[in-house]
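Please consider the structure shown below and follow its architecture step by step.

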Amino acid sequence: MGKAALITGANGQDGSYLAEFLLGEGYRVYGLVRRSSTVTTERIAHLVGQQRFELIAGDVTDATGVHRIVQQLRPDEIYNLAAQSHVGVSFDLPSATIEVNAVGPLNLLEAIRAESPHTRFYQAGTSELFGNSPPPQNENTPMIPRSPYAVAKLAAHSLVRLYREAYGVFACAGILFNHESPRRGEEFVTRKITMYVARLAVAMENNAGNPPGDWPKLILGNLDAKRDWSFAGDAVRGMWLMLQQGQPDDFVLASGESHSVREFLELAFKPLDLDYRDFVRIDPAFFRPAEVNHLCGDATKARRVLGWSPQVSFEELVTRMVESDMAREQDCHGLRCAS
Ligand SMILES: NC(=O)c1ccc[n+]([C@@H]2O[C@H](COP(=O)([O-])OP(=O)(O)OC[C@H]3O[C@@H](n4cnc5c(N)ncnc54)[C@H](OP(=O)(O)O)[C@@H]3O)[C@@H](O)[C@H]2O)c1
């Protein structure tokens with residue numbers, strides 16, 4: 001019999017790739033998804049109905065429910081990807097962010113300790129933990145968070161270590177630098193850019209190749225923020241590798257290259273042969289109250305211990321995201337024309 005895994009946040013970007021990956025490895029996969037009045041399972045719609053995939057309604061902030069689910073399933077592995085995952089939004093929703101991102105993992109670790117000590121646990125940590133500690137950042141770099149999001153993730157990171165040392169739980173924290181994909185949430189800067197480029201491209205197709213004169217601007221914040229971007233599909237393979245080791249440990253997963261938002265824009269606009277500066281307006285409202293300026297990861301430990309390395313380059317990632325949004329936009333435009 002294959003292993004069983006529970007993924008929280010299974011309908012998120014990473015959750016969808018991880019579910020695909022684990023199904024491919026022969027796992028039985030339980031995806032925890034919270035109730036919503038609208039459909040939130042688009043990213044995993046293609047998996048629903050598959051034999052070894054099951055959705056479970058739940059919320060990581062509900063300690064009783066989490067306890068019951070872990071008690072019933074006693075899975076081999078739990079991947080806690082559930083989060084209020086937007087750093088900017090965490091400044092507006094600090095309490096909710098702390099609740100989901102810190103109390104959520106605590107509920108899962110407690111349930112494992114009490115009901116399923118053999119279960120291996122992965123916690124989705126972040127490069128935002130480092131704040132403005134100078135790059136390159138690795139597992140030993142000082143963690144000085146600069147957002148409610150990162151503060152909550154630091155609590156979760158510390159809980160992983162505590163439950164490992166105090167109770168012997170096989171708990172690992174990934175410290176993941178930004179990872180993107182065509183499934184990235186639409187409110188994140190990378191996706192905002194690629195969706196804008198796609199809409200502009202389709203509009204130009206219908207306008208004899210010229211950009212429409214009154215085309216609305218793309219409104220962004222800090223173009224000089226530098227991030228270490230990789231592909232989400234590469235990231236989930238690293239998460240899984242962490243839980244297959246002899247000993248639990250924490251690992252940075254990163255590409256080791258950093259690029260500014262400005263560079264992302266330049267690449268995304270390249271297929272249109274247009275200058276992004278004619279289309280972008282900077283709005284200080286999109287700057288964070290406390291910025292993290294430069295993240296660039298050192299994943300030496302993951303390369304050495306896990307044999308992990310990213311397969312998709314920055315250029316390839318941007319191209320994939322733009323192409324996917326263009327295809328989506330063309331379909332959508334076609335449907336509008338047909339109706
Ligand atoms: N992507 C990155 O660059 C990156 C980098 C470092 C760390 N991380 C972390 O990695 C994890 C996955 O990231 P992602 O990009 O896949 O984020 P995402 O697309 O925003 O997915 C987050 C998931 O968490 C779910 N969720 C939120 N609150 C919940 C709750 N109370 N109970 C159960 N589920 C809840 C969301 O469900 P709804 O659909 O209902 O909102 C969503 O499915 C997150 O923990 C994130 O903080 C991501």
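The paragraphs that follow treat the sheet, the helices packed on it, the contacts between helices, and the salt bridges.

This is a predicted model, in which local features need pLDDT of at least 70 and side-chain atom pairs count only at pLDDT 80 or more, while totals for chains, interfaces and linings use all residues. Residues are numbered from 1 along each chain as its sequence is written, and side-chain values use heavy atoms, with hydrogens and water left out.

Helices (H or I, at least four residues) and strands (E, at least two) are DSSP runs, numbered from the N terminus. An open sheet is formed by seven strands in the order β3-β2-β1-β4-β5-β6-β11, with parallel pairing; two strands pair if DSSP finds at least two bridges between them. At the edges are β3 (53–57) and β11 (251–253), each of which pairs on one side only. From one strand to the next, the twist averages 20°. Strand β2 (residues 28–33) pairs with β3 in the parallel sense over five bridges, and V33 stands opposite A57 in β3.

Two helices that pack on the sheet come next. Helix α2 (residues 63–73) touches β1 (4–8), β2, β3 and β4 (77–80), where contact means heavy atoms within 4.5 Å. The direction of α2 makes about 150° with that of β3; axes are lines fitted to C-alpha atoms, for helices over the stretch in contact, and angles run from 0 to 180 degrees between N-to-C directions. Helix α7 (residues 232–243) also packs on the sheet, touching β4, β5 (120–126), β6 (171–176) and β11, and its direction makes about 155° with that of β6.

The contacts between helices may now be considered. Two packed helices are described by the angle between their axes and the distance between the axes. The axes of helix α1 (residues 13–24) and α7 come within 9 Å and cross at roughly 60°. That makes α1 oblique to α7: angles under 35 degrees count as roughly parallel, over 145 as roughly antiparallel, 65 to 115 as roughly perpendicular and the rest as oblique. The crossing of α1 and α7 is right-handed; a crossing is right-handed if the near helix is turned clockwise from the far one by less than a right angle, and left-handed if anticlockwise. Among the residues that meet are Y17, L18 and F21 in α1 and V236, M239 and W240 in α7. By class, this contact of α1 with α7 has eight nonpolar, two polar and two charged residues. Here Ala, Val, Leu, Ile, Met, Phe, Trp, Tyr, Cys and Pro count as nonpolar, Asp, Glu, Lys and Arg as charged, and the others, Gly among them, as polar.

How do α4 and α5 pack, and at what angle? Helix α4 (residues 94–115) and helix α5 (residues 148–167) have axes 8 Å apart, at an angle of about 15°, and are therefore roughly parallel to each other. Their contact divides into 16 nonpolar, two polar and three charged residues.

Finally, a salt bridge is a side-chain nitrogen of Lys or Arg within 4 Å of a carboxyl oxygen of Asp or Glu, and by this rule the count comes to 18. One of them joins E77 and K3, whose closest N and O atoms are 3.3 Å apart. E77 lies in strand β4 and K3 in the segment before β1, so this pair ties together parts that are 74 residues apart in sequence.
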